[in-house]
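I opened a new page for this chain and wrote down what I looked up, entry by entry.

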Amino acid sequence: MIFEGNSLSLKQLDNGVAELNFDRQDLPINKLDLATISELKEAVDRLNQNDSITGLLFSSAKKDFIVGADITEFIGWFNMPEEEFEARLLDVHKTFAKIEDFPFPTVCALNGVALGGGFELPLSTDYRIMTTKSKVGLPEINLGIFPGWGGSFRLPRLIGLDNAFEWIATGRAQRAEDALKKGAVDGVVEADKLREAALITLNRCINGELDYKARREEKRNGLLLNPLEQLMSFETAKGMILGKAGPHYPAPKIMLTAMQKHANLHRDEAMLVEVKGFIKAAKTDVAANLVGLFLNDQELKRQAKQITEKATQVKTAAVLGAGVMGGGIAYQSALKGTPIVMKDINENAIQLGLTEAKKLLAKRVNKGRMTSEEMADTLTRINTTLTYGDVANTDIVVEAVVENIKIKKSVLAELEDVVSENTVLASNTSTISITELATATKHPERVCGMHFFNPVPLMPLVEVIRGEKTSDEAIATTVAYALAIGKKPIVVNDCPGFMVNRVLFPYLNAFEQLLNDGADFMHIDKVMEAFGWPMGPAYLLDVVGLDIACHGSAVMAEGFPERMKINFDSATEALYKAGRLGQKMGSGYYRYQVDKRGKPQKKADEEAQALVKKTTRAIRQPDEFTDDEIIHRMMLALCLEVVRCLEDQIVDSPEAADMSLIWGIGFPPFRGGALRYIDSIGTQEFVTIAEKYTDLGAAYNVPKLLADMASNNIQFFAKATTKATTKGEA
């Protein structure tokens, strides 16, 4: 043994070949944290001092090669003075450069995943072999940064500029077939052949069959493109990448600038350019917010895993109520491997649900994400029935019938008499009290909520709602099922609208109040989309359905009359009564025309504008509402209700509150969530702004929790972002 540490070991094999094996002793995964990097430096120095080494194999004893850098440590790096931050990054760069400059060949055996820094290290080796099931990639862009340990200059020199742009800008993990085709790796084998294949490649280098020195020169020197070709590639990339990223995410622009600067530079100069760009991106509020979301996600995963310790394994599931929602749930369950029974009282509804599942699976086939055989296998995991008997032996039943309390109670009561005493009864309701629904059953402890968001395949959040008598075991089983089908569950306590809809309706009511005062709904949409929402409130109402919105509004008004009852004729109600139900009927606040791809496109509609104007009192002219006022009124109503949910213990942490909105309604991720948004402004300043709008009603009253925090200058997150400076921040 040449060297042995807590994260890796270095030993000599036959014929002078050495093996550097990553195997973190105190963790189930390998990661490039400071401790591992320190040991890697030590091992590299020892290798350079050993004249008997003829070649080096990099390998991993874990199921994954290296999952990436330690993000928790990166937060500390981000807060360092720039000079110290730069020195820290360059220290890693120099270690990777020493690997690239070894006087002997290097080959990396990639098993499992190798992501971020865990892939940048292999890029510094001469050859890479991966398994058929492995994935590689550079996902840093999802954290508001980009590769900072050589990925932005080594990858394009291996796979070409255009491919590198795509890999880095999307942050997607790449499958073995694509990695080999593009040239990021040099061989793909079955897992049991990986070590053998890597050693064969290494011996071919030692024997002179492979020119590893020439491979090194490709990475150490600039791109082999003439100036015109480079210019065309960069200009095309700028149009595509920056257009998709939008104005709120600075990392892609900084990345492209850095890549253009170092395209023709030697590695040692390129690393300096990359480091300065990386630091620039890392110092933005967006990076801090996106890293915060990542850490929130990790914490909620840990909590979910802890909850599921009491879970009953869900071997089979059922969904009551077919149609688009039921079909989406059935698709998701079958896709992830849990057989499901789809039950309805109507054969046409069953067929609609099956059609929905088939349509979703066909899209995967068309995109190359699934074979026709895999689609057929998935469909066999969806069974349909018109009778309760076929759901008797399932472990969990998701009730997804019409949003009507009497019907839901009747269904749950009938269902309880059919299924086993251990079956969990989960209602997919968006607003109705789980505690109230459970009164229809003999065993309310087995009843909980499982609120999916539409469209089911695209929306990650599932609210798991605990009623007053719901057992821990029922919650645990429901959380386990949500995880098994690829969703992100957050446990919330029962109240009207639960977490997400309770927060959403004050936002929509603020929109109604703005309209009633005379604001233009198209202007409001533009302002809120510019703020970062995927769609403005009028467009959102059209997509949700004005009938559904009106029903939800009535439920929320009954539950929270002081804050959520509208004391004027709402524009949405007027449009609904006029038969304009939204996108599904072709008209709402906007009218909709189907394009060549079959997707509805919204258009301005004079009839809708006239109806809205006729309904509202219009005490002010539309141009009297500034963008700042619109943002203040919309965001204050939402954020203050989020604080109340935390205060009322509907959710148990700021992390859960923020992620509910990110995953459930598309709260702008770059702002970090509603509570991080408050932090970015400062609790004291936020309260000051809110107090200017208290004349608008109880929705704008500051909760005691926030008032106390402001008085003591306390924030929701210990490491909050710096003060927001964007115009119009509330």
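**Entry 1: the model**

I noted before anything else that this is a predicted model.

**Entry 2**

Strand β1 covers residues 3–4 and strand β2 covers residues 8–12, and the two pair in the antiparallel sense over two bridges. I found Glu 4 opposite Ser 9 in β2. Together β1 and β2 make a hairpin, with three residues between them.

I then followed β2 to its other pairing. With strand β3 (residues 17–22), β2 pairs in the antiparallel sense over five bridges. Which residue of β3 is the bridge partner of Lys 11? I looked it up, and the partner is Glu 19. The hairpin of β2 and β3 has four residues between the strands, and in this hairpin Asn 15 takes a positive phi near 60 degrees.

**Entry 2: Asn 30**

I moved on to the loop between β3 and α1 (34–48), where Asn 30 is found.

I checked the side chain next. A polar atom of the Asn 30 side chain lies 3.1 Å from the backbone oxygen of Phe 22. For the backbone nitrogen of Arg 24, I noted a distance of 2.9 Å to a polar atom of the Asn 30 side chain. Leaving aside residues up to four places away in sequence, I listed what Asn 30 touches; among them are Ser 7, Phe 22, Asp 23, Arg 24, Ser 60, Lys 62 and Phe 65.

**Entry 3: a three-strand sheet**

I found an open sheet of three strands in the order β6-β8-β9, with mixed pairing. Its edge strands are β6 (113–115) and β9 (174–175), each pairing on one side only. Strand β8 (residues 135–137) runs antiparallel to β9, and two bridges join them. I noted Gln 174 in β9 as the bridge partner of Val 136.

**Entry 4: an eight-strand sheet**

I traced an open sheet of eight strands, ordered β13-β12-β11-β14-β15-β16-β17-β18, and its pairing is mixed. Which strands stand at the edges? They are β13 (382–385) and β18 (488–493); each has a single partner strand, so one side of each is left without a neighbour in the sheet. I recorded an average twist of 25 degrees from one strand to the next.

Helix α14 (residues 323–335) packs on this sheet, where it touches β11 (317–320), β12 (340–343), β13, β14 (396–399) and β16. The direction of α14 makes about 170 degrees with that of β12. I also looked at helix α15 (residues 347–366), which lies across β12 and β13 and runs at about 170 degrees to β13.

Strand β16 (residues 447–452) and strand β17 (residues 461–466) run antiparallel and are joined by four bridges. Gly 449 stands opposite Ile 465 in β17.

I asked at what angle α20 and helix α23 (residues 546–559) pack. The angle is about 105 degrees, with the axes 10 Å apart. That makes α20 roughly perpendicular to α23. Where they meet, I noted Asn 501, Arg 502, Phe 505 and Asn 509 in α20, and Ala 549, Gly 552, Ser 553 and Met 556 in α23.

I then looked up helix α21 (residues 521–531). Its buried residues are Phe 521, Met 522, Ile 524, Asp 525, Val 527, Met 528 and Phe 531. The elements that cover them include α20 (500–517), α22 (537–544), α26 (606–615), α27 (627–647) and α29 (674–681). Just after α21 comes Gly 532, which takes a positive phi of about 135 degrees.

**Entry 5: cysteines**

How many disulfides does the structure hold? I counted zero. Cys 495 is in no disulfide, and the nearest cysteine sulfur, that of Cys 645, is 5.8 Å away. A disulfide needs the two sulfur atoms within 2.5 Å.

I also looked up burial. Cys 495 is buried, at a relative accessible area of 9%. Cys 550 is buried too, at 11%. The cut-off I used for buried is under 20%.

Technical notes:
Residues numbered from 1 in each chain as written. Predicted model: local features only at pLDDT ≥ 70, side-chain atom pairs only at ≥ 80, totals over all residues. Heavy atoms only, no water. Buried < 20%, exposed > 50% of the residue type's maximum accessible area, 1.4 Å probe, protein only. Pairing = 2+ DSSP bridges. Polar contact = N/O pair within 3.5 Å; in protein donor to acceptor, adjacent residues only side chain to side chain. Contact = heavy atoms within 4.5 Å. Axes fitted to C-alpha atoms, helices over the stretch in contact; angles between N-to-C directions. Parallel < 35°, antiparallel > 145°, perpendicular 65-115°, else oblique.
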